[in-house]
Amino acid sequence: MRSIPLLTLLLSGWFVVPAHADEAQDWLTRLGQAEQQQSFQGTFVYERNGSFSTHNIWHRVQDGKVRERILQLDGSAQEVVRLDGRTQCVSGLLVAGLGDTPNSAARALDPQKLKNWYDLAVIGKSRVAGRPAVIVSLTPRDQHRYGFELHLDKETGLPLKSLLLNDKGQLLERFQFTQLNTADTPPDKDLQPGSDCKVVNLESDKASAVKAAQSWRSDWLPPGFVLTSSTARKDPATKNQVNSLMYDDGLARFSVFLEPLNGEKITDTRTQLGPTVAVSRRLTTPQGDMMVTVVGEIPAGTAERIALSMRTDTATTQQ
Amino acid sequence: MSREALQESLSAVMDNEADELELRRVLSACDDVETRETWARYQIARAVMHKDLLLPRLDIAAAVSAALADEAVPAKATRGPWRSLGRLAVAASVTLAVLAGVRLYNQDEIAGVELAQQSNQPGLVAPQVKGPAVLAGYNESSEATGPMANGVLQGQPGWHDQRLPGYLRQHAQQAALKGTESALPYARAASLENR
């Protein structure tokens, strides 16, 4: 009766695999809802090549409004306070011209869509910050994005730990809670911004945002990535107009920056900062040479190809 | 041929992105001491940038061009056992140089991502390539000068130094604005300010 174990194996394989995929999808849906519905406070660490930092987070959902404050605990006191996804105040250097871009609403995590570009699976259980967790893996279906491993809180669906992995399985960055309290709602005093938190003024943002003179498009994009915002602003230091485009596939994101070189001879470069790559390529256009810089959490080769594929719509361009 | 075009070609060869024309241009200029030095400097600069000073002495261009020079001798020349062995050696040395180049290239890819490797990540992870240890590398000096980490490429290195931090910051902040997982992009953005 050798065939019985084999048959069982086959059958279990048949039933288990789709079940796991659906389960992963359910968990991601829960993750998407959790941050809109669950109050919590906790401490997390963020680690990437060359950087390790610790942060506190207070997150309160009350009367349908989500208020959140994040404060870095080591080094400089980097801080951000957000209300319903809108940044209220930030410490450190805020780039002007970002606050109020059209369609800048946060997009919900859509497991149905993600399934096109990632294999979703529940791959096990773990324990993070003293809480039982479920491990959901998002394995990319092509070489144009990185894989995620999410450890989601069993009780609430909140992400307790998130790892970004390249195609060789190497860890690019780690986000991990060390302590999380979902029982108590954070009090008002913890959600008050500190004195160094500069209020974000949307009016001044609008002033530095300028109308895009050229429209840009990409001849090639990695499958699944769509344009989610497009801005143009004047750099206060150089007086150059910098166009920026942001694309995402529902999870991974990259930005493309286009800046005129004004005759300067600049060499192409490539830089990697933990999970983030920055690739600069010179592009010849009828209006003069431009520097195209692709910045994002995508593999370097993909960023390179995107940088080489940018074109203006106004006229024929040549690389 | 202009110096600048040559340097661009050099850079392209280093990035494994040279077309045949560029490769020929570099190879033909390779006897020039200055070019060789530039090449070596690029390699070292690149290695430093990726914190990966492993094989700065490897001179692929020289190896490849030497191999090609040998090959250029017409095949009509004396045929003997040593001759064919020599040709085999040429082929082998080209292969070796190419392999070494590929390896160098791939190490670049890996070098940026060395992190405290986790010993057991369930499921997802295949056996890992142990890269050079960059542990406890937080706040290295190269980080302190900005993401470009030095004037790696000649011209005005200041251009990228000036802009890249701003680009990175803008990307991170915009991602934080759009992100559903709000804390992660924020942490990325904050980690850029920590230098």
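**Figure 1. Leu152(A) and its bridge partner Pro159(A) in strand E9(A).** In this view of the predicted model, Leu152(A) has Pro159(A) of E9(A) as its bridge partner. The two strands shown, E8 (residues 147-153) and E9 (residues 159-165) of chain A, are joined by six bridges and run antiparallel to each other.

**Figure 2. The open sheet of 11 strands in chain A.** The strands follow the order E6-E7-E8-E9-E10-E1-E2-E3-E4-E5-E11 (chain A), and their pairing is antiparallel. At the edges lie strand E6 (118-128) and strand E11 (198-199) of chain A, each of which pairs on one side only. Helix H8 (residues 183-193) of chain B packs on this sheet, where H8 of chain B touches strand E1 (40-48), strand E2 (51-62), strand E3 (65-72), strand E4 (79-83), E9 and strand E10 (171-181) of chain A. The direction of this chain B helix makes about 145° with that of E2(A).

**Figure 3. The hairpin of strands E13(A) and E14(A).** Strand E13 (residues 226-234) and strand E14 (residues 241-248), both of chain A, pair in the antiparallel sense over eight bridges, and among the paired residues Arg233(A) has Val242(A) of E14(A) as its bridge partner. Six residues lie between E13(A) and E14(A) in the hairpin, and Lys239(A), which belongs to the turn, has a positive phi of about 65°.

**Figure 4. The packing of helices H1(B) and H3(B).** Helix H1 (residues 3-14) and helix H3 (residues 33-49) of chain B pack at an angle of about 45°, with their axes 11 Å apart. The two helices H1(B) and H3(B) are therefore oblique to each other, and their crossing is right-handed. On the side of H1(B), the contact is made by Leu6(B), Gln7(B), Leu10(B), Ser11(B) and Met14(B), while H3(B) contributes Thr35(B), Thr38(B), Trp39(B), Tyr42(B) and Arg46(B).

**Figure 5. Chain A as the setting for the views of its strands.** Chain A has five helices and 19 strands, and 45% of its 319 residues count as buried. Among the contacts in chain A with a separation of 6 or more, 55% are accounted for by residues 24 or more positions apart.

Note on methods:
Residues are numbered from 1 along each chain as its sequence is written. Chains are lettered from A and ligands numbered from 1 in the order in which they are written. This is a predicted model: local features need pLDDT of at least 70, side-chain atom pairs count only at pLDDT 80 or more; totals for chains, interfaces and linings use all residues. Two strands pair if DSSP finds at least two bridges between them. Helices (H or I, at least four residues) and strands (E, at least two) are DSSP runs, numbered from the N terminus. Axes are lines fitted to C-alpha atoms, for helices over the stretch in contact, and angles run from 0 to 180 degrees between N-to-C directions. Angles under 35 degrees count as roughly parallel, over 145 as roughly antiparallel, 65 to 115 as roughly perpendicular and the rest as oblique. A crossing is left-handed if the near helix is turned anticlockwise from the far one by less than a right angle, and right-handed if clockwise. Two residues are in contact if their C-beta atoms, placed from the backbone, lie within 7 Å. A residue is buried if 20 or more other C-beta atoms lie within 10 Å of its own, exposed if 12 or fewer, and partly exposed in between; C-beta atoms are placed from the backbone.
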